[in-house]
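The sequence and structure are shown first.

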Amino acid sequence: MDKFVFLLELIGTVAFAASGSLTAMRRHMDLLGVITSVGGGILRDVILGITPPLAFRDPTCTLVAVGVSLLLCIPWIRHSLMHNHRLFDVSLLLMDSVGLGVFTVMGIWNAMDFSPDRSTYLLVFVGLLTGVGGGVMRDVLAGNTPYILVKHVYACASLAGAVLCAVLWRLVPQYVAMLAGMTTVLLIRLLSAHFRWNLPRVEDEAL
């Protein structure tokens, strides 16, 4: 199980590092991949009282994030992405969705591992915070309105996956619960992007 969790964490790190780097490309900024890939985990650890945060104890994921960010800086890769808007948008959506799904269930895993309070409410809250935290930090630093507020039921996808994972946790093997939660997040994100699902928005009105 530990190997499965480590593999998931690496996948999520690569995905969120790539989404952060792609956002930085679009905004002509320095790379944000490392912040995106570890930000949610740091917020999670602070909530759970894990000090120092796990990201500062083991540099593996940080080094992977740096490697992914540097890879996307290779001129021909950067050029291909920046001049193919369809490829760029699809890559950003996929990487962000995978990262969101992985880190949502990783938040639940860490809450179960480190917290004496294992209520469903805590598991769901920590899963949601871990999933969206890195993306929020990325968007704020890039000067964008966070996806959690405007894009394709972003937080709702994480919430749905967290709820499913937390409910299944005690009913099925842990890896099944994590895969189910992660898949739910990914499917909701991709379907909402395809069908342009969004929560109701406040429209501008003259006061």
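A crossing of two helices is called right-handed if the near helix is turned clockwise from the far one by less than a right angle, and left-handed if the turn is anticlockwise. In this predicted model, α1 passes α3 in a right-handed crossing.

Two packed helices are described by the angle between their axes and the distance between the axes. For α1 and α3 (residues 60–71), the angle is about 40 degrees and the axes are 9 Å apart. Angles under 35 degrees count as roughly parallel and those of 65 to 115 as roughly perpendicular, so α1 and α3 are oblique to each other.

Each of these helices holds a residue described here: Phe6 lies in helix α1, and Val66 is found in helix α3. Met1 belongs to the segment before α1, which covers 2–26.

| Residue | Relative accessible area | Class |
|---|---|---|
| Met1 | 38% | partly exposed |
| Phe6 | 39% | partly exposed |
| Val66 | 34% | partly exposed |

Met1 also takes part in a nonpolar surface patch with Tyr175, Val176 and Leu179. Together these residues have about 320 Å² of accessible area.

Separation from Met106 can be given in sequence and in space. Phe6 and Met106 are 100 residues apart in sequence, and their C-alpha atoms are 9.7 Å apart. Val66 and Met106 are 40 residues apart in sequence, with a C-alpha to C-alpha distance of 20 Å.

Conventions. Residues numbered from 1 in each chain as written. Predicted model: local features only at pLDDT ≥ 70, side-chain atom pairs only at ≥ 80, totals over all residues. Heavy atoms only, no water. Patch = residues over 30% accessible without salt bridge, like charges linked within 9 Å, V, L, I, M, F, W, Y side chains within 5 Å. Areas by Shrake-Rupley, 256 points an atom, 1.4 Å probe, with all protein chains shown as cover. Salt bridge = Lys/Arg side-chain N within 4 Å of Asp/Glu carboxyl O. Helix = DSSP H or I, 4+ residues; strand = E, 2+ residues; numbered from the N terminus. Buried < 20%, exposed > 50% of the residue type's maximum accessible area, 1.4 Å probe, protein only. Axes fitted to C-alpha atoms, helices over the stretch in contact; angles between N-to-C directions. Parallel < 35°, antiparallel > 145°, perpendicular 65-115°, else oblique.
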